[in-house]
Amino acid sequence: MKTYFLFSFLVVLLYAASACSSEDAPEATAEKTYTPGDSLEVIGTLVDTNCFSRDRANIGVDHPHPAPEGQMGPACARFCARQGFPVAVLTGGDPDGKVWILLTNGQVLADYMAGTVRARGLVRSDGILIPERIELKTDDGWTFIL
Amino acid sequence: MKKLFPMFIVALFAIAATMETAPKITVEGTLVDTKCYGMASAMGKPEMAIGNDHMVMKNGKMMKVPSCGTACASMGIPTGVVTEDGKTYIIITSATALKDHVSQHVRVTGEKAFEGGILAGKVEVKENGKWKDVTPGAMM
């Protein structure tokens, strides 16, 4: 009887912990809607979608390689972009910011991964941009790269 | 305590089952080069870029560019799946590895990633009525 009481207590405790953690999540706010064909400018960090979608800590150029699991891949982001994985702009200045996938030649952008970029173009759909111009933030200001 | 341990494990599994995981999805449709298809869609003429040969404007005239989709995918322009209901999913995989399958009927299984993206775990192409696995090998 004592065992079952302890078990019930444990289950209740775990569910309570689970519920508390979800209450800590930020409240949903009214999100902006994007219409296809709209002109848009986004500023943020250039990330490779392959590694970043697996772990939002993978923002820099060097990050753990998905295969072999966990092995650090030097210049992994550049490697992914050169392989033809889509690249994206992470906006908002933090890993949970909004991501805009760029429908463009990612191989050309490989050398600029993890850099701050400004992409202007047309909205394909929410989170997807057809860029007409991409600039890199340098010490001299914005430099045209694509 | 010995009786409690297995129950603790069961409870942990029960909690894990309730936790959020990336939703698995499977989408099926035509493989496109997303840039040309996106621009054609913006012009209201998606059919111009659903195949591998695309119509593009050059010197003020529309002209046919053979294997344009393959050329775009070769350059690393993301590939996508256009489903029967017209929805486009950007495939997060090596576009260059799929260049030879542009305009073919494909089935992609993976995890939903960002808005409109799918992190491809498996890519198959339909050939002679059968699904053939063409999942890019590297980094998947």
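Strand β6 (residues 105–113) of chain B runs antiparallel to β7(B), and eight bridges join the two. Strands are DSSP runs of E with at least two residues, helices are runs of H or I with at least four, and both are numbered from the N terminus; two strands pair if DSSP finds at least two bridges between them. Across from B:Val106 stands B:Val125 in β7(B). The hairpin of β6(B) and β7(B) has three residues between the strands, and B:Phe114 there has a positive phi near 55 degrees.

β7(B) also pairs with strand β8 (residues 130–133) of chain B, in the antiparallel sense, over four bridges. B:Trp131 in β8(B) is opposite B:Lys126. Two residues lie between β7(B) and β8(B) in their hairpin, where B:Asn128 in the turn takes a positive phi of about 55 degrees.

**Basis of the model**

This is a predicted model, in which local features need pLDDT of at least 70 and side-chain atom pairs count only at pLDDT 80 or more, while totals for chains, interfaces and linings use all residues. Residues are numbered from 1 along each chain as its sequence is written, chains are lettered from A and ligands numbered from 1 in the order written, and side-chain values use heavy atoms, without hydrogens and water.

**Parallel pairing with β5**

Strand β5 (residues 88–92) of chain B and β7 (residues 117–127) of chain B are parallel, with three bridges. B:Ile90 has B:Gly117 as its bridge partner in β7(B).

**Helix α2**

Just after α2(B), B:Gly44 has a positive phi of about 80 degrees.
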